[in-house]
Amino acid sequence: MKESISVLGPPACGKNRIVEPYKERVIQVGEFAHSLPRDGELGKRCMACWQNNIPFDSDLLERLLNIYPFPNFDWIIFNGTPRGAGDYDVVRKFYNLHTLIEINVDYAVWMERAKNSINERNHRKDSSLSQLMRRRDVYCSEIDSLRSCFNRVFVVDNSDKLEDAQQKFINIIQEMFYS
């Protein structure tokens, strides 16, 4: 079974920018779900989750992963997935998921970035400031129980310079897969 890691953090914490050096290996289930036709069964289920500010349930996640166009690498990065212990078990059906890299951001810094990111996210209906705040709250309530699922947990602080957080992320990846 192929190796994988998970990068988790609240919305607008910089996950996409931090994983950029390995973008060809990144799996973004949420972005993939946004690309689905809205009139199809999966598109409708995803829309209902977004409209109600709830994470995808494990069944929906598994159905999305079954049709996801996975890249052909010996290891990949799940960006923003899993969101709970049930999701962890679903992802493990596809990949050996063993490491969590958690992206943390000081709340005041996060708030400023969330406000700024609304313009970047204007194509999405789940990204108003109030929705980002609710999604952050949901993330914060889920992450404590999820940490215990992983064999290894690393924390990358992205409150200051993105370049520093990205370098720490690269160092972790180098240690795990290239040493």
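The model is predicted: local features need pLDDT of at least 70, side-chain atom pairs count only at pLDDT 80 or more, and totals for chains, interfaces and linings use all residues. Residues are numbered from 1 along each chain as its sequence is written, and side-chain values use heavy atoms, with hydrogens and water left out.

**Salt bridges**

Side chains of opposite charge can pair when their charged atoms come close. A salt bridge here is a side-chain nitrogen of Lys or Arg within 4 Å of a carboxyl oxygen of Asp or Glu. By this rule there are 10 salt bridges. The table lists some of them.

| Pair | N to O distance |
|---|---|
| Asp74 and Arg25 | 3.4 Å |
| Arg63 and Glu41 | 2.7 Å |
| Arg147 and Glu102 | 2.8 Å |

Helices (H or I, at least four residues) and strands (E, at least two) are DSSP runs, numbered from the N terminus. For burial, buried means under 20% relative accessible area, exposed over 50%, and partly exposed in between (1.4 Å probe, protein chains only).

The salt bridge of Asp74 and Arg25 has an N to O distance of 3.4 Å. Asp74 lies in the loop between α4 (58-67) and β3 (75-79), and Arg25 in the loop between α1 (15-18) and β2 (26-27), so the pair ties together parts that are 49 residues apart in sequence. Asp74 is exposed, at 53% relative accessible area, whereas Arg25 is buried, at 10%.

Arg63 is partly exposed, with a relative accessible area of 31%.

In the salt bridge of Arg147 and Glu102, Arg147 belongs to helix α7 (residues 129-147) and Glu102 to strand β4, 45 residues apart. Arg147 is partly exposed, at 27% relative accessible area, while Glu102 is buried, at 3%. Salt bridges with shared partners also join Arg45, Asp57 and Asp59 into one network.

**Cysteines**

A disulfide is a pair of cysteine sulfur atoms within 2.5 Å. By this rule the count is zero. Cys49 is in no disulfide, as the nearest cysteine sulfur, that of Cys46, is 6.5 Å away. Cys49 is buried, at 8% relative accessibility. The sulfur of Cys149 is 17 Å from the closest cysteine sulfur, in Cys140, and this is too far for a bond.

**Surface charge**

Asp106, Asp157, Asp160, Glu163 and Asp164 form a negative surface patch. Residues in such a patch have over 30% relative accessible area and no salt bridge, and like charges are joined within 9 Å. Asp106 sits in the loop between β4 (96-104) and α6 (107-120). Its relative accessible area is 41%, so Asp106 is partly exposed.

**Backbone**

Most residues other than glycine have a negative phi, and most peptide bonds are trans. Ala12 has a positive phi of about 70 degrees although it is not a glycine. Ala12 is in the loop between β1 (3-8) and α1, and is buried, at 10% relative accessibility. Thr81 and Pro82 are joined by a cis peptide bond, with omega about 5 degrees. Pro82 is placed in the loop between β3 and α5 (85-92).

Note on methods: Patch = residues over 30% accessible without salt bridge, like charges linked within 9 Å, V, L, I, M, F, W, Y side chains within 5 Å. Areas by Shrake-Rupley, 256 points an atom, 1.4 Å probe, with all protein chains shown as cover. Lys, Arg positive; Asp, Glu negative; His and termini not counted. Charge placed at Lys NZ, Arg CZ, Asp CG, Glu CD.
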